[in-house]
Amino acid sequence: MANDETRSDHVQVAGELTRESFRRPWTAQLGAYVMTVLVTVPAVWICDWALPGFHAGPPGGPFLFAAVLALVAVVLQPVLVGAAVRLGWLGVLLLAFLGQALVVMITARLLPMVTLDDYWSALVVAIVVGLVGTLLGWIGSAGTSQVLVGRLVSSHRRHRVQVEDPEVDGVLFVQMDGVPFPVLQMAVSAGTVPTLTRWIRSGSHTMTEWTPKLPATTPASQMGILHGVIDGIPAFRWYDRARDKVMVANKPADAAIIEADMSTGRGLLVDDGVSISNLFTGDAPAAVLTMSRRVRGGELAQRAVANFVVSPSGLTRALSRSVSELTRDRFQAKRAVRRDVQPRCERTWETALLRAVTNGALRDLNTILVAQHMLRGTRSIYVDYVDYDEIAHHAGVLRPESLEALEAVDAVLHQLELVATAAPRRYRFVILSDHGQSQGAVFADRYGEDLAALVARLTDSDVAASDDSVEGWGRTQALVDELASAGNVSGRGMTSAARAMDKSSRNEPEQVSPGDTSARSADRGATGAETFHVFGSGNLGLIYVRGEKARLDRAELQRRFPRLVEGLALHPGVGFVVVMDRDGPIALGNRGSHRLDDGHIEGDDPLAPFGFHAPEFVTRVAHRPEAPDIYVNSLVDPGTEEVAAFEGLVGCHGGLGGWQDRAMVVVPADLPFPTDRVIGADAMHVALCGILRHCGHRQGVAYDGAAPIHVTEP
């Protein structure tokens with residue numbers, strides 16, 4: 001029955017899109033037709049000259065072919081869009097190629113002076129037309145990518161949406177993932193983020209720093225921002241003793257459990273909001289590309305993407321940008337090696353492909369979805385752009401390619417600013433990062449062994465290691481899973497791809513034995529019989545003794561593994577370790593200790609290099625029931641503030657040290673926001689709820705969370 005209803009919904013959406021396309025005013029169709037012909041003629045010239053299987057006849061042939069091609073496209077595009085939605089996501093992608101080639105073949109049949117050898121020649125002509133259209137569109141819009149949202153805006157202006165409460169301002173929250181406050185501050189000073197620079201210099205927005213608590217990771221910060229809860233998530237991955245299960249925040253099933261456990265039902269987006277490309281929903285009624293999968297927004301996503309991708313310039317733009325990102329990454333990685341840029345980490349074809357997805361197709365898809373929701377008047381929207389974070393992980397926080405990604409997201413803000421002018425309600429823009437990011441040589445590269453190998457050596461035991469970087473991989477899988485969710489033939493087809501990705505999951509732990517180094521010669525899957533499970537989360541390490549239902553204290557660890565705690569604390573790459581002692585948790589360093597509950601220090605305080613908030617932050621997580629038997633935080637180098645990630649990343653976040661706890665927020669100057677620095681994502685949640693209430697939201701929501709706590713640093 002549910003499947004029948006889903007099919008009926010797809011048929012209804014397809015019919016609406018087809019009728020909408022045919023209802024376009026003749027003036028709009030004429031203008032689009034003329035522009036299409038002018039853009040297509042150069043592409044036809046190129047094909048006529050370079051493609052053996054295509055010839056456009058006498059000198060006027062390219063003009064005539066372009067004119068008829070555009071006319072056929074105008075007639076067939078509504079049918080293609082309707083068919084795409086009926087077939088689902090895979091249908092959108094197939095018809096983007098097959099449909100445009102079909103248009104070329106029909107046009108060639110109608111013109112006797114045009115010769116076309118076969119389907120593949122038609123496909124090449126369609127691709128060239130799309131590429132030339134993308135290039136000319138880019139030149140004509142000065143590189144602002146306005147073509148991306150122009151179709152949506154023009155469609156909305158012909159069929160305006162009326163909202164019941166136009167006096168209520170909408171709020172768009174844009175998360176620029178992993179951008180440290182100092183990086184944004186320098187970019188604004190340099191003017192390389194022109195949209196944010198204009199907002200801040202004009203006084204319409206204010207830029208300020210806020211401090212996420214430990215751990216400085218997207219799961220903990222997003223849970224805090226969206227739900228007002230930061231406890232219960234000790235890292236990106238951890239061992240849940242109660243469930244006897246490894247929890248991974250970017251696995252859909254785990255993300256759903258995490259959110260169900262922690263949601264109060266009064267999240268940031270509960271009042272007619274939408275979550276786009278996040279880990280959690282914020283209790284939004286609709287969500288797309290959101291990891292926890294608690295609610296869906298597939299119909300609207302199909303409608304938006306189908307309208308864009310069936311045009312030759314639309315899909316070609318997404319593909320060309322993805323290929324460009326892939327090529328640039330490989331060139332930049334080789335250049336870094338040639339120049340001996342330090343610190344650096346290994347950049348593989350896999351990391352390049354992840355960048356191509358996140359900074360190519362996914363960025364455009366997110367922008368299309370946000371634009372669509374703005375044009376329908378959705379009251380609050382929270383979207384996560386991971387472009388900077390993904391590149392900075394592998395390149396570094398201030399490298400040119402990372403700053404270029406930041407500039408690209410700034411260009412998206414300008415696109416959305418233009419969309420807002422056509423929206424049925426006024427939109428206010430709040431820009432923030434979920435955490436900052438720190439830089440430094442990888443721990444394993446510095447010391448010849450990673451954290452798991454170090455634990456195995458100190459205890460002469462086998463270790464299950466979970467230290468691969470999986471954040472970007474999860475984003476890609478989220479996209480595939482979203483496509484697989486469609487209740488149609490293509491959705492069932494994409495399910496196979498989703499299952500294949502699950503089978504080859506990067507989240508599966510590896511076995512590390514005594515004597516192994518970071519350069520593991522073979523991928524040995526963990527068996528479950530290992531003595532320890534070691535997790536790397538940036539420069540924060542978590543060590544669990546497997547099979548234990550309760551946390552082991554220092555005395556028990558010393559009895560069973562006499563070299564472990566002291567060996568970790570004395571290691572030159574470790575800043576401090578935290579274990580539970582008889583008087584409460586204690587932080588141990590190579591020259592002293594800090595008893596956390598009463599602040600008693602012996603020797604040199606191991607927390608001193610990590611900032612004013614370090615004792616408070618470490619004390620909080622050390623008392624949590626989900627805390628590991630041993631927390632390990634890497635060193636922070638004086639002067640450079642560089643850390644040593646336990647993952648294979650040159651830019652990292654998760655622990656303390658460097659810029660990873662220096663996040664940023666840019667807020668409209670006329671909206672209420674704390675004047676003191678906000679400490680903790682839970683406090684940020686309250687501040688953002690205050691903005692929503694000021695704009696007329698959350699009138700039926702009784703509680704926004706605890707009052708923000710502001711701490712002024714000395």
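The model is a predicted one, in which local features need pLDDT of at least 70 and side-chain atom pairs count only at pLDDT 80 or more, while totals for chains, interfaces and linings use all residues. Residues are numbered from 1 along each chain as its sequence is written, and side-chain values use heavy atoms, with hydrogens and water left out.

His 205 lies in strand S4, strands being DSSP runs of E of at least two residues and helices runs of H or I of at least four, numbered from the N terminus. Because its relative accessibility is 10%, His 205 counts as buried (under 20% relative accessible area, with exposed over 50% and partly exposed in between; 1.4 Å probe, protein chains only). When residues up to four places away in sequence are not counted, His 205 touches Trp 199, Ile 200, Phe 429, Val 666, Val 667, Pro 668 and Ala 669, where contact means heavy atoms within 4.5 Å.

Strand S4 (205–210) is also among the elements against which the buried residues of helix H23 pack, the others being strand S3 (170–176), helix H9 (218–227), strand S9 (380–385), strand S10 (427–432) and strand S22 (663–668). Helix H23 is mostly covered, with 10 of its 14 residues buried, including Met 684, His 685, Cys 689 and Leu 692. H23 is followed by Gly 696, whose phi is positive, near 100 degrees.

A further polar contact, of 2.7 Å, joins the side chains of Asp 597 and His 623. Asp 597 is found in the loop between strand S18 (592–595) and strand S19 (601–603) and, at 44% relative accessibility, counts as partly exposed. Besides His 623, Asp 597 touches Asp 583, Gly 584, Pro 585 and Thr 619, not counting residues up to four places away in sequence. Asp 597 and Thr 619 are 22 residues apart in sequence, and their C-alpha atoms are 7.1 Å apart in space.

Notes: A polar contact is a pair of N or O atoms within 3.5 Å; within protein, one must be able to donate a hydrogen and the other to accept it, and residues adjacent in sequence count only if both atoms are side-chain atoms.
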